[in-house]
Protein chains: 2
Amino acid sequence: MSDILRIGIAGLGTVGAGTLALLRDNADILRSRCGKTLTVVAVSARDRAKDRGVDLNNLKWYDDPRALAEDPNVDVVVELIGGDSGPALALVTATLVAGKPVVTANKALIALHGTALAALAEKSGVALSFEAAVAGGIPIIKALRESFAANRTSRVYGILNGTCNYILTTMESTGAEFDDVLAEAQALGYAEADPSFDVDGIDTAHKLAILSSVAFGAPVDFAAVYTAGIRNVTATDIRHASELGFRIKLLGIATIGEEGIAQRVHPCMVPVSSPMAHVDGAFNAVLVDGDFVGRTIFEGPGAGAGPTASAVVADLVDIAREWRVPPFGVASSALVARPSIPIEDRYGAYYLRLNVLDQSGVLADIAAHLRDHDVSIESVLQRGRDPGERVSVIMTTHETYEAGLAQALAGISESGAVVDPPCMIRIENL
Amino acid sequence: MSDILRIGIAGLGTVGAGTLALLRDNADILRSRCGKTLTVVAVSARDRAKDRGVDLNNLKWYDDPRALAEDPNVDVVVELIGGDSGPALALVTATLVAGKPVVTANKALIALHGTALAALAEKSGVALSFEAAVAGGIPIIKALRESFAANRTSRVYGILNGTCNYILTTMESTGAEFDDVLAEAQALGYAEADPSFDVDGIDTAHKLAILSSVAFGAPVDFAAVYTAGIRNVTATDIRHASELGFRIKLLGIATIGEEGIAQRVHPCMVPVSSPMAHVDGAFNAVLVDGDFVGRTIFEGPGAGAGPTASAVVADLVDIAREWRVPPFGVASSALVARPSIPIEDRYGAYYLRLNVLDQSGVLADIAAHLRDHDVSIESVLQRGRDPGERVSVIMTTHETYEAGLAQALAGISESGAVVDPPCMIRIENL
């Protein structure tokens with residue numbers, strides 16, 4: 001094999017420019033660590049003229065990224081275009097079919113097409129690597145696929161979206177409402193102009209689907225992820241959480257048991273003593289429970305040019321070192337699909353905020369609905385206002401099944417006892 | 001290559017028995033993950049009759065572990081004997097010379113002979129793997145060697161000894177003194193009958209020497225590690241640390257800069273907001289600073305049968321998957337020795353506890369010695385007793401060079417101003 005690994009990069013946004021900078025700045029250590037020179041020979045992006053802070057002279061430019069797959073001078077393709085279809089899917093497919101390894105940071109692509117692409121990579125006998133797709137600089141894919149290979153993993157969960165964690169942390173520290181913090185985050189460049197992928201939990205769900213596949217040896221099943229975002233979390237909820245000894249975090253949680261695999265993304269109240277409670281700002285954290293290793297926790301920057309480039313180039317180093325392991329830890333044909341456990345089967349405690357008019361009988365109505373569905377109230381907080389004014393009733397429940405709680409809340413909504421849809425946040429005693 | 005990896009294990013203590021149990025309990029997932037059957041074929045230990053909770057029938061027994069190296073039915077040797085010389089060194093050397101890979105959990109052996117053994121492994125073209133030697137179940141060796149291969153690492157530090165962390169955590173929660181907590185830990189089996197390796201910091205120093213070698217690409221240099229343990233930490237110090245907003249942890253800290261590499265192990269006062277402050281009990285934690293990835297933190301169980309077996313078998317899985325990377329991340333011939341920065345060059349703040357007789361002039365004497373060596377006092381706490389009685393003067397200093405502070409403390413000791421040797425704990429604003 002040659003002592004040069006010739007790289008083609010598609011997509012020169014933040015991560016692409018960071019990857020070029022890393023390969024330039026740390027060329028010497030990369031050479032000593034993998035015994036090969038990692039050289040970018042070709043790139044493809046939308047705008048050739050844009051200043052990216054890195055020199056693109058001497059690099060072959062392609063307007064169509066698919067040309068990278070066919071260029072005989074390109075040994076490996078780095079896909080940083082993004083998106084679960086279109087040019088990214090076309091490029092990755094063409095590259096694997098051409099018998100070349102692929103490195104990608106594209107969580108949507110892997111979450112939706114990971115199993116099929118892994119089969120294609122195995123058929124061609126090349127790597128499909130996506131360390132950068134989950135939790136940025138945290139090497140959780142390699143950890144699950146290699147370091148914990150001796151374990152049956154029963155659970156993997158974490159804070160997987162830095163934008164949401166930044167917003168929730170800032171809401172807590174400033175007391176501001178979601179919309180204001182989001183607008184500020186957008187102004188600062190911490191959140192996208194269209195924030196939906198982040199704040200509606202979709203990005204977290206993409207990452208969770210990948211994590212649970214690698215952890216449990218199951219085909220990636222993004223469609224099975226229950227997904228709720230943070231738009232409905234209010235400053236009031238955060239304040240009440242704090243009074244109750246909790247913090248609110250958007251978690252992705254995947255568990256496996258006799259009945260199947262549960263995957264869910266939603267705001268959680270976690271005890272302040274939880275390892276997740278003190279992960280602040282744009283940091284990510286992932287916790288893994290394995291039968292022999294026990295509990296391990298990884299924390300680090302979940303996004304950004306440097307951390308993501310670090311993960312992309314780590315995958316390139318593995319390829320240069322001729323290391324090949326199935327993308328999801330076992331051959332794609334050995335991935336075992338399991339039943340998906342619906343969110344209705346969740347058994348746990350809940351925080352409820354019900355906005356009511358301060359009238360006699362309202363609390364009795366609410367309590368009756370909960371009782372009728374076997375939901376037992378642990379605590380109630382209603383701060384007095386003038387009769388007839390709008391007031392929040394804050395409750396926590398004992399552990400119960402979500403199906404019953406959902407029915408009770410539907411009944412409460414229909415009864416007219418509340419003036420807004422009930423707010424419910426799951427309490428996770430992690 | 002065969003589809004069976006035949007394993008010989010030397011040393012059947014806690015970790016050896018755990019490794020046998022793991023290979024038995026998780027045989028199915030191991031087979032699906034590495035496409036090979038991992039089978040123990042031979043063992044060696046001191047006492048054949050001892051009940052270890054695992055079936056040793058059908059396994060070849062050797063009284064002399066070196067026989068494992070020569071047995072043609074053994075493909076890979078797992079060394080769990082321990083010790084930096086004697087049978088462990090003889091076995092590992094003989095196995096590598098015989099052209100067979102070695103997996104070891106032996107931190108002392110790697111800390112003292114790692115570079116030479118790595119050269120031997122590379123000459124034979126086989127793996128020398130020691131994930132289990134550092135931080136138990138935390139996959140920090142693979143992370144540094146592979147996941148962070150694209151980074152220049154400037155610092156790695158952490159809590160690397162669960163026994164010390166358990167003792168310090170218990171001293172803090174109970175207010176008890178070191179000797180009492182140690183005795184209790186020994187009774188519970190959390191500390192060895194001879195606790196010196198743990199409480200004097202030697203075990204941490206072994207692990208730190210290995211970490212800094214992998215992180216910085218330098219030959220292992222255990223002799224260069226400044227090492228101080230926790231025997232002199234008192235309940236008083238822990239209480240004062242708490243009042244000052246700190247917790248006391250035994251850390252191993254390795255840094256690299258223009259002048260060379262600094263490696264030191266000693267009790268530290270860390271701010272309660274530090275990621276190390278809330279790592280309690282027998283947990284370990286490691287933090288890595290890389291130029292592109294930024295700061296990542298790994299936490300997990302630092303010892304015990306299950307976590308250590310998980311790391312041992314992860315190394316076996318890598319070998320079964322035919323993965324080979326130089327033991328320290330670069331070829332041993334490419335490791336670059338750097339000057340060792342002595343502890344005297346440390347620049348930082350200090351906590352001091354000086355036990356004095358409550359007599360006039362004592363504080364003036366102490367302050368004069370500190371002033372004469374450019375040590376500036378940040379805070380002083382002296383709680384009154386009856387004149388002539390023994391009292392502790394608690395001080396913190398501004399940042400200063402350790403050389404000057406050491407001279408000042410030597411002068412204070414000689415002057416007769418103190419009734420005990422001064423206690424000094426370094427403040428690390430990590």
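In strand β15 of chain B, the bridge partner of B:Ser379 is B:Thr396. This is a predicted model, in which local features need pLDDT of at least 70 and side-chain atom pairs count only at pLDDT 80 or more, while totals for chains, interfaces and linings use all residues. Residues are numbered from 1 along each chain as its sequence is written, and chains are lettered from A and ligands numbered from 1 in the order in which they are written.

Let's begin with the strands. Helices (H or I, at least four residues) and strands (E, at least two) are DSSP runs, numbered from the N terminus. Two strands pair if DSSP finds at least two bridges between them. Strands of a sheet pair through backbone hydrogen bonds, either parallel or antiparallel.

| Strands | Sense | Bridges | Example of facing residues |
|---|---|---|---|
| β13(B) and β15(B) | antiparallel | seven bridges | B:Leu352 and B:Met395 |
| β14(B) and β15(B) | antiparallel | five bridges | B:Ser379 and B:Thr396 |
| β12(A) and β12(B) | antiparallel | three bridges | A:Glu299 and B:Ile297 |
| β5(A) and β6(A) | parallel | two bridges | A:Val103 and A:Ser129 |

**A sheet in chain A**

Six strands of chain A make an open, parallel sheet in the order β3-β2-β1-β4-β5-β6. Its edges are β3 (60-62) and β6 (128-129) of chain A; each has a single partner strand, so one side of each is left without a neighbour in the sheet.

Helices lie across these strands. Axes are lines fitted to C-alpha atoms, for helices over the stretch in contact, and angles run from 0 to 180 degrees between N-to-C directions. Helix α12 of chain A lies across β1, β2, β4, β5 and β6 of chain A, at about 145° to β1(A).

**A closer look at α4(A)**

Which residues of α4(A) are buried? They are A:Ala88, A:Leu89, A:Leu91, A:Val92, A:Thr95 and A:Leu96. These residues cover an arc of only 165° around the axis, which puts them on the same side of α4(A). A residue is buried if 20 or more other C-beta atoms lie within 10 Å of its own, exposed if 12 or fewer, and partly exposed in between, with C-beta atoms placed from the backbone. The arc is that of the directions from the helix axis to the C-beta atoms. Among the elements covering the buried residues are α3 and α5 of chain A. After α4(A) comes A:Gly99, whose phi is positive, near 80°.

**Where the chains meet**

In all, 43 residues of chain A are in contact with 43 residues of chain B. Two residues are in contact if their C-beta atoms, placed from the backbone, lie within 7 Å. On chain A, α2 (27-34), α6 (140-147), β12 (294-301) and α12 (305-320) are the elements that give two or more residues to this side. In chain B, eight of the eight residues of helix α6 are buried. What covers the buried residues of α6(B) includes α6 and α12 of chain A, together with elements of chain B such as β7 and α10.

**One residue up close**

A:Glu122 sits in helix α5 of chain A. With 18 other C-beta atoms within 10 Å, A:Glu122 is partly exposed. Its C-alpha atom is separated by 7.0 Å from that of A:Pro326, 204 residues apart along the chain.
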